[in-house]
Amino acid sequence: EEAIPPSKYHNAQTEAKGMMFQSGREASGVAGLIALEGLHHIFALRLQVSFPLPGKVVYRADAVYLDKQLKPHVVDFKGFATKEYKIKKRLFKETYGTEIEEM
């Protein structure tokens with residue numbers, strides 16, 4: 001029997017609401033956003049949304065939603081910010097003029 005190697009960042013894929021997530025933090029965060037949408041506190045929740053960035057780079061947000069004032073929120077459930085993520089975060093701000101919200 002072959003052992004599964006541990007994740008590079010020690011996150012474990014987790015299932016929640018019938019979906020698979022890269023970590024328990026992401027699964028818990030998304031479940032919370034789904035609950036808020038059900039209560040009509042947030043709207044138009046979308047998961048795993050891709051944003052093109054300069055240099056043929058793509059940033060994939062864990063979630064995107066609108067608040068009651070229809071302001072968009074781009075969310076990433078981070079346990080650890082990698083060097084690659086920090087670059088994408090900077091490029092995202094330069095390209096779209098808004099910050100990625102880390103939860």
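Reply: The turns below take up a helix, the paired strands, the nonpolar cores and one lysine. Please note that this is a predicted model.

Me: Which residues of α1 are buried?

Reply: E26, A27, G29, V30 and L33 are the buried residues of α1. Their arc around the axis is only 165°, which means that they lie on the same side of α1. The face turned away from that buried side carries S28 and G38, both exposed. After α1 comes H40, with a positive phi near 65°.

Me: How many bridges join β3 to β4?

Reply: The general idea for strands is that, in a regular strand, side chains alternate between the two faces of the sheet. In this structure, β3 and β4 run antiparallel and are joined by eight bridges. One of the pairings sets S50 against R60 in β4. The two strands form a hairpin with three residues between them, and G55 in the turn has a positive phi of about 75°.

Me: How does β4 run relative to β5, parallel or antiparallel?

Reply: Strand β5 (residues 72-76) is antiparallel to β4, with four bridges between them. L66 stands opposite P72 of β5. Five residues separate the strands in this hairpin, where L70 takes a positive phi near 65°.

Me: Which residues make up the largest nonpolar core?

Reply: In soluble globular proteins, nonpolar side chains tend to be buried together. Here the largest nonpolar core has eleven residues: V49, F51, L53, Y59, A61, V64, V74, Y85, L91, F92 and I100. The elements giving two or more residues to this core are β3 (43-53), β4 (57-66) and α2. Apart from it lies another core of eight residues, including V30, L33, A63 and Y65.

Me: What does Y85 touch, leaving aside residues up to four places away in sequence?

Reply: On that basis, Y85 touches Y59, D76, K78, I100 and E102.

Me: Finally, is K88 buried or exposed?

Reply: K88 belongs to helix α2 (residues 83-96). Its relative accessible area is 17%, and K88 is therefore buried, the cut-off being under 20%. Not counting residues up to four places away in sequence, K88 touches L53, V57, V58 and Y59.

How values were computed
Residues numbered from 1 in each chain as written. Predicted model: local features only at pLDDT ≥ 70, side-chain atom pairs only at ≥ 80, totals over all residues. Heavy atoms only, no water. Buried < 20%, exposed > 50% of the residue type's maximum accessible area, 1.4 Å probe, protein only. Contact = heavy atoms within 4.5 Å. Core = buried A, V, L, I, M, F, W, Y, C linked by side-chain atoms within 4.5 Å. Arc of directions from axis to C-beta. Pairing = 2+ DSSP bridges.
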